[in-house]
Amino acid sequence: MAVPSTITFKLSILLIILFSFEARETIAISLTEKVTITNDVTDPTPKTITFNCKSKDDDLGVHTLMFGEIYRFSFRPKILYPIVHPTVFSCSFTWLGNPHRHYFDIYDQSRDRCFHCDWKINLNGGCLNGDKCRPWKSVQLMVA
């Protein structure tokens with residue numbers, strides 16, 4: 001029985017390490033989620049919306065969209081323990097002429113099955129990829 005030489009053994013280990021890094025990078029790239037928010041709010045005329053989205057780890061800041069405009073962001077969801085601690089991005093929306101702050105989970109790892117989640121925000125909540133509409137998570141009166 002032949003014993004592999006130390007050079008063959010070292011090359012084998014090197015190849016395993018290289019393939020491990022390559023696989024990890026490929027998985028990380030493919031697990032990038034993309035979210036698009038489109039302003040489709042009319043009340044009764046088209047409205048400009050102001051919103052802030054954040055997860056437990058990231059605050060994306062305050063943004064303003066005129067009717068029909070879009071905002072995009074991307075992120076890498078949690079790979080370990082997504083069922084126990086899923087990645088969730090919650091947003092609050094306001095617009096002129098409405099005294100309420102509207103809350104909506106724009107991405108919930110335990111609910112959404114899309115790598116590109118395209119949300120149209122409207123008066124009643126949001127519609128995912130043009131067909132799955134969900135109501136606001138909650139609505140609160142803003143204090144002046």
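**Entry 1: Cys-53 and Cys-91**

I looked up the bond between Cys-53 and Cys-91 and found a disulfide, with S to S at 2.0 Å. I am working on a predicted model. The two cysteines come from distant parts of the chain, 38 residues apart. Cys-53 sits in strand E2, residues 49-54. Cys-91 sits in strand E5, residues 88-95. I computed the S-S torsion of this pair at about 105 degrees, so I noted the disulfide as right-handed. Buried or exposed, Cys-53 and Cys-91? Both are buried.

**Entry 2: Cys-114 and Cys-117**

I went on to Cys-114 and Cys-117, which also form a disulfide. Their sulfur atoms lie 1.9 Å apart. The torsion about this S-S bond is about 90 degrees, so I put the Cys-114 to Cys-117 disulfide down as right-handed. I then checked accessibility. Cys-114 has a relative accessible area of 10%. Cys-117 has 1%. The cut-off for buried is under 20%, so Cys-114 counts as buried, and so does Cys-117.

**Entry 3: Cys-127 and Cys-133**

I found a disulfide joining Cys-127 to Cys-133, with S to S at 2.0 Å. The torsion here is about 100 degrees, so the Cys-127 to Cys-133 disulfide is right-handed. Cys-127 shows a relative accessible area of 13% and is buried.

**Entry 4: Pairing**

How many disulfides does the structure hold? I counted three. I numbered the bonded cysteines of the chain in sequence order and read the pairing as 1-2, 3-4, 5-6.

**Entry 5: The nonpolar core**

I turned to the largest nonpolar core, which has 23 residues. Which of them touch the most other members? I listed Val-35, Ile-37, Phe-51, Phe-73, Phe-93, Ile-106 and Ile-121. E5 gives the most, with four residues. I noted that E2 and E5 also hold the two cysteines of my opening entry, Cys-53 and Cys-91.

**Entry 6: Around Phe-93**

I picked Phe-93 from the core list and looked up its contacts, leaving aside neighbours within four places in sequence.

Technical notes. Residues are numbered from 1 along each chain as its sequence is written. This is a predicted model: local features need pLDDT of at least 70, side-chain atom pairs count only at pLDDT 80 or more; totals for chains, interfaces and linings use all residues. Side-chain values use heavy atoms; hydrogens and water are left out. A disulfide is a pair of cysteine sulfur atoms within 2.5 Å. Buried means under 20% relative accessible area, exposed over 50%, partly exposed in between (1.4 Å probe, protein chains only). A nonpolar core is a set of buried Ala, Val, Leu, Ile, Met, Phe, Trp, Tyr and Cys residues joined through side-chain atoms within 4.5 Å. Contact means heavy atoms within 4.5 Å.
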